[in-house]
Amino acid sequence: MRFMKIGILLALGLAASSARAAGLTSIQVPATADNPALSAFVWSPCATPPEEVKLGPMTVTAARNCPIAGSKLPLVVISHGHGGGALNHHDVAEMLADAGFLVVALNHPGDNFSDLSRSGDISIMFQRPRDIKRLIDFLLTSWPQAAKIDRDRIGFFGFSRGGYTGLVLAGAVPDFRDATVPCPEPAPICGEIRRNEIPAEPLARDPRIKAFVLADPLSFFSTRESLKAVGAPIQLWGSEHGGDGVLPENVAALAANLPDKPDFHVVPGSAHFAFLAPCSPGLARSQPEICTDQAGFDRAAFHKSLDADVLEFFRQNLAPERKS
């Protein structure tokens, strides 16, 4: 890919010959007494040329089960949106792996394309950050390839509810009663909020995550007070037209209220689902609602720019420490 440049690889502390493609494998995080099992895909630097791999209606470019090239690699964890899945942002994952990152994207249990059993319940807003924390715990301690990870260089990419998830992990405190967030009944979560049936459990934070990319995040964070504990660098993306409960003005308010000014991008002509990877023909036929963009908007062209900016942000904010 065009982002594979020797300068980028050297900046990440990798040998120039260490990676030329995205390796792809799957992992399972075991269930606990209180938490369900997690399934995820792992993209990694790989010395084997990639090929097109069909996974259901989606097509990805990868080398299946390729040995991981390199060591002390930065890690980026990806959190999908409501009813989405681990492959929704595969182009970002492939690009980062090509550039020397390990990338792990999970299916949030109860809120993914094949299991919506808890997607309408407010408890999922508490489970999602916990899913990410458990995933990172597993990767750093129990995964057979844990030694490949530089635990001091962990980043996060989240879309929609995944963006909400990232803000919570970064220390933001949601106000579920925020009147600026569209929440019409009969959606169960809206009735729970109206009846004050909000779990009392603490929300998971994770200071191990050093940098966040948030794409059209669902925001229950309308005040500076709700965001005051967020200290990590953030790249924030907003669609011009919003959608699926995300309002452009709420994303702009996030940019204004974060304690440190984020790297904020508004994408002209875009709606909410423009941040999903460009659709294969099969996916476009089966899921036109997430694959069809506004007239005149070129999702494929936009993602070339998005991928490049995301890579540069993580390259800068997850760079290895220089030893004197």
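This is a predicted model: local features need pLDDT of at least 70, side-chain atom pairs count only at pLDDT 80 or more; totals for chains, interfaces and linings use all residues.
Close-up 1. To find it, look in the loop that runs between β9 (234-239) and α7 (248-257). The backbone is worth a look here too: D244 is not a glycine, yet its phi is positive, at about 55 degrees. Most residues other than glycine have a negative phi.

**Close-up 2. N65, an exposed residue with a positive phi.** Here's another loop, this time the one between β4 (58-64) and β5 (73-79), and N65 sits in it. N65 has a phi near 55 degrees, which is a positive value in a residue other than glycine. Is N65 buried or exposed? With a relative accessible area of 56%, N65 is exposed, because anything over 50% goes in that class.

**Close-up 3. Helix α2, enclosed by the rest of the structure.** How many of the residues of helix α2 (residues 90-98) are buried? The count is 9 of the 9, so the helix is largely enclosed by the rest of the structure. Reading along α2, the buried residues are H90, D91, V92, A93, E94, M95, L96, A97 and D98. After α2 comes G100, and its phi is positive, near 105 degrees.

**Close-up 4. Where α2 packs against α10.** The axes of these two helices are 10 Å apart, and the packing angle is about 50 degrees. That angle makes α2 oblique to α10. As for handedness, α2 and α10 cross in a right-handed way. On the α2 side, the contact is made by D91, V92, M95 and L96, while α10 brings in H303, D307, V310, L311 and F314. Sorted by class, this contact of α2 with α10 has 6 nonpolar residues, 2 charged ones and 1 polar one.

**Close-up 5. A308, a partly exposed residue of α10.** Staying with helix α10 (residues 299-317), this view picks out A308. Its relative accessible area is 23%, so A308 is partly exposed. How far apart are A308 and H241 in space? From C-alpha to C-alpha they are 23 Å apart, and along the sequence 67 residues apart.

**Close-up 6. The crossing of α3 and α4.** Helix α3 (residues 123-141) and helix α4 (residues 161-169) have axes that come within 9 Å and cross at roughly 70 degrees. The two helices are therefore roughly perpendicular to each other. The crossing of α3 past α4 is right-handed. Which residues meet here? From α3 come I124, M125, R128, P129 and I132, and from α4 come R161, G162, Y164, T165, V168 and L169. By class, the contact of α3 with α4 has 7 nonpolar, 2 polar and 2 charged residues.

**Close-up 7. D150, a buried residue in strand β7.** Strand β7 covers residues 149-159, and D150 is part of it. D150 has a relative accessible area of 10%, so it is buried. Leaving out residues up to four places away in sequence, D150 touches K72 and L73.

**Close-up 8. The span annotated in UniProt.** An unreviewed UniProt entry places the feature "domain: Serine aminopeptidase S33" at residues 75-175. In the model, that span is 37% helix and 22% strand. The C-alpha atoms at the ends of residues 75-175 lie 30 Å apart.

Conventions. Residues are numbered from 1 along each chain as its sequence is written. Side-chain values use heavy atoms; hydrogens and water are left out. Axes are lines fitted to C-alpha atoms, for helices over the stretch in contact, and angles run from 0 to 180 degrees between N-to-C directions. Helices (H or I, at least four residues) and strands (E, at least two) are DSSP runs, numbered from the N terminus. Angles under 35 degrees count as roughly parallel, over 145 as roughly antiparallel, 65 to 115 as roughly perpendicular and the rest as oblique. A crossing is left-handed if the near helix is turned anticlockwise from the far one by less than a right angle, and right-handed if clockwise. Contact means heavy atoms within 4.5 Å. Ala, Val, Leu, Ile, Met, Phe, Trp, Tyr, Cys and Pro count as nonpolar, Asp, Glu, Lys and Arg as charged, and the others, Gly among them, as polar. UniProt positions are given in the numbering used here, feature names are shortened, and annotations may be inferred rather than shown by experiment. Buried means under 20% relative accessible area, exposed over 50%, partly exposed in between (1.4 Å probe, protein chains only).
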